[in-house]
Amino acid sequence: MLARLGPELDAWVRAIAATDMIRNRDALDRCTAIGALLHNDAVRVAIDTFASEHSFDLDGLRAMLTRLDDEARVIAKSTLFDAVNYADQVPEGKHIADPAAHYLLLGERAGLKPSRNFDPTVYEEFNADVAASNHNRLFHYETWGRQEGRSYRDWLPHHAMPPLLATGDRPTVLLLLHEATYTGAPILGWNLAQTMSEHCNVVVVLRRGGALEQALRDVACALVEAPPLHVALDPDEMRRFATRLASVYKPLYTIANSVETRLIAIPLRRNGVPIVGLVHEFWPGRTPDVRLDFYACCAALVFPAQIVEQSSFRAFREVRLQNRFVLPQGVCAVPLLCASGLPRYGPPFLIDDHVPQPLDTFLSDGQRGTDPFTVIGLGAVEMRKGIDLFMSAATALRMKHPDITFRFIWLGSWQHATGTEYAAFLEEQFRRSCLEDCLFFYPPVDNLEPIYLRADTLFLSSRLDPMPNVAIDAAMRGIPVICFDGASGMAELLAADPDTASLVVPHLDSGAAADCIAELATDAEHRIACGKAIQQLAHQRFDMTVYATSLNSIGRDAARKFAQAELDHRLIDKAGAFDASMYFGTDHDAKTVEARSVDTYLDSTRHINFGSSPVFGVILRRPCPGFHPFIYGTEAPDFPKDGSRDPLAHYVEHGMPKGRWVHRILRPDLADVDELDVSQASVALHGHFHYPENIGDFMISLAANRFPADLFLTTTSHEVANILRAATSDYRRGSVFVDILPNVGRDIYPFLHVLREHVCGQYEFVGHLHGKRSLHTLGQDPNFGAKWRRFLWEHLLGASCRAADVIIDAMRRDTQLGLVFPENGWLIGWEKNEASAAALTRRLGRPAALPAHIEFPSGTMFWARVKALSELVQANFCQEEMPIEPLPIDGTMLHAFERMLPLLCEEAGYDYATTYIPALSN
């Protein structure tokens with residue numbers, strides 16, 4: 001059907017059916033000939049004459065052939081269809097009259113490609129809806145896919161990554177920019193590329209393009225353009241992109257200029273590239289967890305001001321454990337662009353069709369210090385920049401100081417504000433404030449120097465602004481910068497200097513800003529003094545060379561830490577020091593644990609500085625039983641406090657030295673039960689049961705052991721007491737005492753009561769357990785309380801093994817062992833209990849100083865040598881000292897009590913140990 005017609009038949013068809021379908025074709029095939037004949041009027045009349053005698057749909061056939069011809073034309077015109085290359089793939093290619101039609105009907109189904117540049121299989125892999133359709137893949141792309149920006153081939157091999165010229169031994173540094181727009185962070189990136197290229201091969205990597213792209217290409221050693229839009233938000237594609245970047249350029253480290261580069265920064269980090277994160281963002285309100293992944297991928301974090309750092313602290317607590325620096329950025333030069341290079345979006349509204357005069361003309365009416373007093377504001381129009389506050393200050397200045405001649409000028413793009421509710425409100429505010437004669441809006445310009453020369457003050461009206469380049473520029477030129485307290489890094493800097501503190505007004509107080517402007521306008525001496533003071537301060541704090549040099553130093557240190565991590569891995573691996581069951585817990589299957597092991601531990605903690613103070617809410621896993629990495633990191637004398645080493649590796653390397661960071665581990669699951677000697681032990685076991693339903697499990701666990709013990713059971717009601725008595729009626733290894741006590745102090749006051757009234761002076765060892773419920777976790781995990789109780793009971797009592805016998809035997813054999821509790825896989829510290837612990841310390845008459853990091857029996861269940869608890873007996877706590885129900889989940893004296901137990905034990909001259917059963921780790 002698709003073979004070329006012979007000359008005679010070709011001429012005959014053309015003579016009968018001279019239609020558009022065949023007029024411009026060099027050769028015809030049978031399929032095309034049939035379509036042309038069916039569209040010939042004479043042929044149609046002849047067919048219609050006999051159509052009634054035969055049942056076939058000639059209109060449908062004509063439509064089908066017309067569609068075939070139309071689609072073949074689309075394919076033939078495509079730049080992605082190469083007729084010569086295609087014909088070479090077909091054995092009978094020399095005899096095909098229409099390669100496009102052949103590809104449409106047969107070729108794609110046979111696995112042929114329309115050209116070297118289009119792979120239909122890849123196109124359908126990237127576009128599931130196309131794979132599910134009957135459309136020819138190239139026809140679909142040319143008809144819909146091209147306009148929709150769909151990918152028709154694997155984009156990555158064709159994405160240019162320019163080679164670096166020979167540059168000797170200079171390291172290569174990737175500089176990630178979230179976009180190349182004419183705004184703050186990209187302009188800072190341009191300055192960094194220019195400054196750092198003197199000592200490094202700087203490769204700029206864009207996530208999105210923009211007007212600065214050529215300027216960046218001019219100063220960088222190489223520029224990698226933004227990935228196509230259809231893959232830029234795909235995490236899998238960005239992982240592939242990052243892998244290729246790391247392979248091609250082999251960077252020493254990467255600077256991620258803004259959290260918004262995270263989609264490239266995070267996978268680069270997973271490819272073993274250290275990341276130095278420049279954080280310019282504030283985090284008001286709830287923050288997506290995905291941004292925490294960016295922080296965790298950074299070997300170091302750099303903030304332009306403490307106020308920005310504090311914002312990150314509030315949003316992401318773990319930041320406090322990372323290596324971080326506060327570095328005011330340097331003065332940014334602004335690259336000049338051609339007139340068409342800078343998007344110029346002015347305000348979307350005009351008053352009475354008034355078109356403002358050109359800015360150059362507008363500013364040529366005088367110089368700084370002459371009327372009108374000129375207040376400038378700069379930045380893209382968005383709510384964060386506070387343009388409404390800028391206008392409010394103008395209104396307040398006119399109302400409160402009518403004698404001052406002034407004008408407010410805002411320069412910035414309205415591109416992203418146009419059509420928003422905020423822009424509509426700004427227009428209404430502008431119209432209703434009647435400020436047409438003194439408030440003016442202009443689009444952005446690429447040369448701000450004429451504006452700075454005329455400006456008397458810059459009003460930084462931002463609600464939140466880390467350290468805007470324009471504020472630095474103004475300060476460097478001696479222009480007073482008025483800003484809101486707590487709203488920017490510049491406000492923080494000015495408030496700390498008595499000579500510039502007057503320029504900082506109360507938070508978002510436009511009236512106070514107006515008063516400050518009025519003072520500058522009416523007191524020339526004050527304005528000049530403020531200008532000199534802010535200029536001097538700016539020259540002291542803002543230096544791009546120093547900033548870039550500091551970043552390079554931080555990046556090189558991060559690279560050394562990453563290199564050290566490889567050595568640390570070998571140290572830990574060789575010593576067998578890492579315990580995967582402890583680190584991953586029992587929720588992971590054996591294959592997952594084996595596959596992840598030491599690599600995962602080092603990779604997930606590489607950003608942590610273990611020499612840091614504890615941070616509430618940040619709870620990491622323990623890498624092996626009996627070792628606390630934070631205690632080692634803060635107390636081991638030789639451990640570097642700069643975050644450059646892993647504490648477990650350093651501990652191994654230095655011969656596993658003794659210290660408060662390591663404690664003894666008991667393994668009840670490995671004990672030789674025939675060697676346990678507990679028959680003569682003097683033991684009291686206290687159990688508190690506010691809820692009675694667990695007493696049966698308690699007795700079953702107790703029965704797994706052989707030690708003799710008197711039971712002291714406490715509860716809060718007669719009904720429960722009767723249940724406890726009935727449940728223990730068959731107990732034969734000692735006496736049973738049941739006390740009813742007030743419902744105060746949870747399980748701790750009953751224990752203190754029993755310890756003081758019944759145990760002290762009568763027994764050598766005492767155990768404390770209780771029927772834990774953890775009601776506060778019911779909303780998240782209804783079974784948490786039961787699982788946590790089982791974990792604690794199995795490690796202290798049984799019944800899977802004779803845990804209590806093992807503990808009592810160990811305490812009998814080691815007279816220095818004063819306290820035993822379950823090994824917790826989570827490194828929980830003081831949390832919200834430092835204040836209550838300090839109060840408890842004073843109540844006990846102990847020294848006031850408390851260690852930064854601690855071990856303790858989480859859940860307040862343990863075994864103890866009675867003498868090790870002598871301080872608690874002597875303290876003689878009464879029930880009036882106990883906190884009143886209902887209790888918060890943290891922060892009370894009871895939570896401090898459990899955390900103080902190991903310290904009290906050590907104070908009494910004893911050691912503590914923990915029990916560890918890998919199959920039952922938490």
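F784 and W788 are separated by about one helical turn, because they stand four residues apart in helix α34 (residues 784-796). Helices are DSSP runs of H or I with at least four residues, strands are DSSP runs of E with at least two, and both are numbered from the N terminus. F784 counts as partly exposed because its relative accessibility is 33%, whereas W788 counts as buried because its relative accessibility is 10%. Buried denotes under 20% relative accessible area, exposed over 50%, and partly exposed the range in between, with a 1.4 Å probe and protein chains only. The structure is a predicted model, in which local features need pLDDT of at least 70 and side-chain atom pairs count only at pLDDT 80 or more, while totals for chains, interfaces and linings use all residues. Residues are numbered from 1 along each chain as its sequence is written, and side-chain values use heavy atoms, with hydrogens and water left out.

The chain as a whole may be considered next. The protein chain has 922 residues, and 55% of them count as buried. Its secondary structure comprises 38 helices and 21 strands.

Seven strands form an open sheet with parallel pairing, in the order β3-β2-β1-β4-β5-β6-β7. Its edge strands, β3 (222-224) and β7 (324-326), each pair on one side only. Two strands are taken to pair if DSSP finds at least two bridges between them. On average, neighbouring strands of this sheet are turned by 20° against each other, direction ignored. Within the sheet, five bridges link strand β1 (residues 172-177) to strand β4 (residues 253-257) in the parallel sense, and L177 has N257 of β4 as its bridge partner.

Helices cover this sheet as well. Helix α11 (residues 184-196) packs on the sheet and touches β1, β2 (201-206), β4 and β5 (275-278), with its direction at about 150° to that of β4. Helix α26 (residues 544-575) also packs on the sheet, where it touches β4, β5, β6 (300-303) and β7, and its direction makes about 130° with that of β4. Axes are lines fitted to C-alpha atoms, for helices over the stretch in contact, and angles run from 0 to 180 degrees between N-to-C directions.

Strand β4 also holds T254, which counts as buried because its relative accessibility is 0%. Apart from residues up to four places away in sequence, T254 touches L174, L176, L268, V273, P274, I275 and V276. E213, found in helix α12 (residues 213-219), likewise counts as buried, because its relative accessibility is 18%. Leaving aside neighbours within four places in sequence, E213 is in contact with A180, L206, L223 and E225.

Attention now turns to strand β11. In a regular strand the side chains alternate between the two faces of the sheet. In strand β11 (residues 457-460), T457 and F459 point one way, L458 and L460 point the other way, and all are buried. Strand β8 (residues 373-378) runs parallel to β11 and is joined to it by two bridges, with V375 opposite T457. Strand β12 (residues 481-484) runs parallel to β11 as well, joined by three bridges, and V481 of β12 is the bridge partner of L458. From β11 the chain crosses through helix α22 (residues 469-476) to β12 in a right-handed β-α-β crossover. Right-handed means that, with the strands pointing away from the viewer, the path from the first strand over the helix to the second runs clockwise.

Aromatic pairs complete the picture. A pair of aromatic rings is described by the distance of the centres and the angle of the planes. Rings of Phe, Tyr and Trp (its six-membered ring) pair if their centres lie within 6.5 Å; planes under 30 degrees apart count as stacked, over 60 as edge-to-face and the rest as tilted. By this rule there are 42 aromatic pairs. The rings of F751 and F862 are edge-to-face, because their centres are 5.4 Å apart and their planes lie at 85°. F751 belongs to helix α33 (residues 748-759) and F862 to strand β20 (residues 862-865), so the pair ties together parts 111 residues apart in sequence. F751 is buried, with a relative accessible area of 1%, and F862 counts as buried at 0% relative accessibility. F784 and W788 form a stacked pair, at 6.5 Å centre to centre and 15° between the planes. One aromatic cluster is formed by F390, F406, F408, W410, F459 and F484.

Notes:
Contact = heavy atoms within 4.5 Å.
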